[in-house]
Amino acid sequence: MLFVDQVLEFLINKETGAIDVNQGKKRWVFYFESGQLVQTKSNLKSEQGPALREKFPEADTKELLYQQSLARLLKATNRLNTFKKSSSAASKKSSLATADLFIEAFSHSLSQEELDSRCETLAVKTPKRPESLSLRDEELNVFISGMNENLKVSTCVGSSQIDARKVWTCLWLLWRTEQMEFIRADNEEEAIFDFDLNDLLNEEEELDIPADNEAPAESPAEDTPKRHPMADKLEELRFRINDAANHFEVLDRPWDSSADDFRRAYRDLSMDLHPDRYNDATTEMQELATELFDKIRAAWEVLENDETRKKYIDKEIHGIKSEEEQAMEALQTYWAAEEDFKRGLALFNQGRIPQAHQNFQKAVEAYPDELEFRAYLGYTKFYTMRNSNKEAALDGIDEIREVIDINQSQERKLDSAWMLIGRAYRENEEPEKAKRALKQALKINPSNSDALKQLKRLMSPNKQATQKSTTTSKKNDKKAGGFFGGLWGKKK
């Protein structure tokens, strides 16, 4: 089933739900209510509000919604996409001119053969003009309101001056969704008189009128410019290539085609678009041909090489990020974590430790490799749990010790980690350990004002607290090992 047919099913059955469309990591969602499109969503920045306002600076909100929905529909009709139907409901509901959007989108996405097949039955019917039909496209409104109810649909369309694909798509959609009625007689007696323009022309050729009676052919005006033989082809390529979502669509080949297949596609397109072929064309045509030629050449330069083609397939089809993108994503993750850490540090310096703890926790969850984030989280864990859960509070101290152990093998030493564990030991009534840690912090960074402040608080310790801390310190020394065993002294 094509995306077009899934949409038609929603429209015909007047369903409420959604169609979720994916291409790698690109995603579009279309929400319907009673067969009407009421909301669209996408994860592409180029289809969000700011980008659309920049592209259509004078458009009002209604027009922007229409252009946004149309852009998403055109991308969703890509045959490389996968889609599924769901019962999801829209969070917001807007009138999105359902008929106009699908007429415009499907007239581009359906091939001529597919459109002919869908309209085969419709073509031999006769139209019954609707009492009221308001479409965005004024040309279509005028055409439908002027259709002759005594002629076949194919005759009406054939005599129209507007784009036939658009007219057929419009009539097909109105017919299938029962917004317009079409009639066909069951037998010859009831058949309405009709004619076919091609048949009429053929009949005139068979009349065998004497040559003397033939009216002289009118000579075209000398100043009437001749239409360039490549004009129609160039216009067709303009629509297709500019609507392409990736290099595969630019060359009009499936992503898993062979290198030779891509080469043949590029060669054929080059013959149609090479600027030398438009030396006798208007300046506008020459510029358009050059623009399109540059696009197919850019696509070929990526797809001709096995390595670059594989990377492009990984990215566009499988959603695998390149090394550069992964590095940038990691950097952006760090920046976001650093912002959380800075907010936590500001709260920490204001004495709002519980609030700071939440920010440090977010920073560590986002970027656990940053030791300073973990050191501050260890301290705030100790601080917030010391009165309610002693064991969990001591785990916080252990986490700072782990940070310091890891930091020993690194060139940049964290005086902040030593300051934090010293502060934790002081508040846990272990003054000797606190002094050693704070002195180590000042040894690494003599200008660490927080470490100096904490050390001054230890200069006149309470005697009872000192005795209690000595007992606690001995118990904890039994657990210490490795680097800390040497720092705090050996067991006696």
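The legends below describe close-up views of a predicted model.

Residues are numbered from 1 along each chain as its sequence is written. Local features need pLDDT of at least 70 and side-chain atom pairs count only at pLDDT 80 or more, whereas totals for chains, interfaces and linings use all residues; side-chain values use heavy atoms, with hydrogens and water left out.

**View A. The largest nonpolar core holds 48 residues.** A nonpolar core is a set of buried Ala, Val, Leu, Ile, Met, Phe, Trp, Tyr and Cys residues joined through side-chain atoms within 4.5 Å. Buried means under 20% relative accessible area, exposed over 50%, and partly exposed in between (1.4 Å probe, protein chains only). F30, F32, F102, F143 and L171 have the most contacts inside this core. Helix α8 (residues 164-176) supplies its largest share, seven residues. Helices (H or I, at least four residues) and strands (E, at least two) are DSSP runs, numbered from the N terminus. Another core, of 37 residues, lies apart from it and includes I353, Y376, V403 and W418.

**View B. Surroundings of F32.** Leaving aside residues up to four places away in sequence, F32 touches V7, F10, L11, E15, T16, G17, I19, L37, V38 and F102. Contact here means heavy atoms within 4.5 Å.

**View C. An open sheet of four strands runs in the order β3-β2-β1-β4.** Its pairing is antiparallel; two strands pair if DSSP finds at least two bridges between them. At the edges stand β3 and β4 (82-86), each with a single partner strand, so one side of each has no neighbour in the sheet. Neighbouring strands are turned by 15° against each other on average, direction ignored. The angles use axes that are lines fitted to C-alpha atoms, for helices over the stretch in contact, and run from 0 to 180 degrees between N-to-C directions. Strand β1 (residues 17-23) pairs with β4 over five bridges, and N22 has T82 in β4 as its bridge partner.

View D. S34 lies in the loop between β2 (26-33) and β3 (36-42). E178 sits in the loop between α8 and β6 (181-183).

**View E. Cysteines C119 and C156.** C119 is buried at a relative accessible area of 4%, and C156 is buried at 6%. A search of the whole structure finds zero disulfides, a disulfide being a pair of cysteine sulfur atoms within 2.5 Å.
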